[in-house]
Amino acid sequence: MEALGSGVPGIKLSGFSRQGAEQRGCYKAEALNSNAVRGSHCSHGETQQLDKYLRSSQLSYNTSDKSGHLVKSYMHVPAKERKLTGKTFYTSKTCTFGEDYAEISSNTAQEKVGVLLLNLGGPDTLQDVQPFLFNLFADPDIIRLPRLFRFLQRPLAQLISVVRAPKSKEGYAAIGGGSPLRRITDEQAHSLKLALGKKNLHANVYVGMRYWHPFTEEAIQQIKKDNVTKLVILPLYPQFSISTSGSSIRDLQRIFREDTYFEGLPVSIIESWYQREGYVKSMADLIEKELSSFLKPDEVMIFFSAHGVPVSYVEDSGDPYRDQMEDCISLIMDELKSRGINNPHTLAYQSRVGPVQWLKPYTDEVLVDLGQKGVKSLLAVPVSFVSEHIETLEEIDMEYKHLALESGIENWGRVPALGCTSSFISDLADAVLEALPSASAVSGKTQRNTSEDDLDPLQSVIKFFFGSILASILLLSPKLLSLFRDNLL
Ligand SMILES: C=CC1=C(C)c2cc3[nH]c(cc4nc(cc5[nH]c(cc1n2)c(C)c5CCC(=O)O)C(CCC(=O)O)=C4C)c(C)c3C=C
Ligand SMILES: [Fe+2]
């Protein structure tokens, strides 16, 4: 059985819209406790009922998709219906919009506030690439096998990581031999701590990576050691996807389940924040600045390139990623228009992996198309991530730039990632301050997911044994291996 809500036991995600929250003043998510329908396997009728209930209260909820994956559904509020007032879709049991801001921002001597930044992580050295890839592909939110085949997850991850590692290593070698993510995320954490201090909130900021050091688990241990009494969780992805913030939150669910300290800790999760005024304006500032470096700024195509996800995430599992991405782009474009910048723009998705369909249009295909249609100046804007990483430094700056120039585009520019831009960090600090009052204790009995984890040890050993044999056969067969390399990666 899965509790409705965040996926973190006891924490109910009230993924309400800012607009709705403003209209109602303050939404009390305790309503969930009395009315919630619990259970991860809703019948169609139950799902419809649930949907109706949730639609009226603008909540998000967890349920399962066709293949038994835990998914979240969202009330989607189009950008045009929203106001940009600097609030966020943050999540927890209660929210306290309208509280006195000064009161919110000061913490008492006994209170130890922690902010946990969640990020993906990247290999520090070339030797780390294959084990990093293993961790990534072993995540059931990244490779989503049908329930029956989940026992193959780890052997398959081993196989794919070994086959993919040489290609990935080339990419990391081209950007200096490793990912800059850890360094940049640490810098962001430091800047956020300073920004919070300036706003009179003295907090420790922790970094928890999903697939490489410092792992989320390491951050959680430090939080416990430091005796943090209130925690705000802030994924460093502006838009929510099952594969990014969702996966990290699920990882936290597992960690929280195993530790009673976290059951009593007041926690608030900021699910997505692409709609915040500070973020939108900071992105528009960067775009405006880069446009001015072109000879004819008015003629430049603004080319948003977002990291893709497989279409099935969005269409079968209700991932809000594409909707949020489209909203995000229209908010940024509206902000630019309000500054008198009326350039044409387009959105495409990059970095697809494997044989399945990913969100379209694909960045490489659109670049070729634009070049052929006579676009001469193009400004690439990476939009799904706030630090430089392999996909900006190698894929965009090298591969896509080369492709664009080859296709007839003559003037190429790229907007840097936000990194530690002060207006952006200050806005993240505001998001933390706004989320803090709604942090509430994880209460009641924690619930376990019905998943592979529930297998008894003998079953696990048998499944792992046969899975490994299957993976070894695949790995050792040169014919199968080349088929795999050519078609899957
Ligand atoms: C919003 C951002 C991201 C989404 C969505 C996302 C989904 C996603 N990614 C893969 C596969 C890979 N991702 C890799 C690296 C990587 N991905 C993101 C961001 C998102 N991924 C980041 C920030 C990074 C780290 C970059 C770094 O600097 O280290 C990789 C490894 C690199 C490579 O070999 O290309 C893979 C593989 C999938 C399958 C997926 C959705 C299901
Ligand atoms: Fe990725």
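Predicted model: local features only at pLDDT ≥ 70, side-chain atom pairs only at ≥ 80, totals over all residues.
Local features here need pLDDT of at least 70 and side-chain atom pairs count only at pLDDT 80 or more, while totals for chains, interfaces and linings use all residues. Residues are numbered from 1 along each chain as its sequence is written, chains are lettered from A and ligands numbered from 1 in the order in which they are written, and side-chain values use heavy atoms, with hydrogens and water left out.

Starting with the big picture, the protein has 18 helices and twelve strands (DSSP runs, H or I of at least four residues for helices and E of at least two for strands, numbered from the N terminus). Of its 489 residues, 57% are buried, meaning under 20% relative accessible area with a 1.4 Å probe and protein chains only (exposed is over 50%, partly exposed in between). Take the contacts (heavy atoms within 4.5 Å) with a separation of 6 or more: 81% of them link residues 24 or more positions apart.

Helix H11 covers residues 277-291, and its 15 residues should span 21 Å at 1.5 Å a residue, which agrees with end C-alpha atoms 21 Å apart. The expected span is 1.5 Å times one less than the number of residues. Its buried residues include Tyr279, Met283 and Leu286. The buried residues of H11 pack against strands E8, E10 and E11 and helices H13 and H16.

Over in strand E4 (residues 113-119) sits Asn119, which counts as buried because its relative accessibility is 0%. Its side chain makes a polar contact of 3.1 Å with that of Thr185; within protein, this is a pair of N or O atoms within 3.5 Å, one able to donate a hydrogen and the other to accept it, with residues adjacent in sequence counting only if both atoms are side-chain atoms. Among the other residues that Asn119 touches are Met209, Tyr237 and Phe385.

As for ligand 1, 29 residues surround it, each with a heavy atom within 4 Å. Oxygen atoms of ligand 1 come 2.4 Å from a side-chain N or O atom of Ser168 and 2.6 Å from one of Tyr172. A polar side-chain atom of Ser179 lies 2.9 Å from an oxygen atom of ligand 1. The protein covers 97% of the 790 Å² of accessible area that ligand 1 has on its own (Shrake-Rupley method, 1.4 Å probe; for residues, only the protein chains shown count as cover). Helix H5 gives the largest share of the shell, four residues.

Notes
Lists of a residue's contacts leave out its neighbours within four places in sequence.
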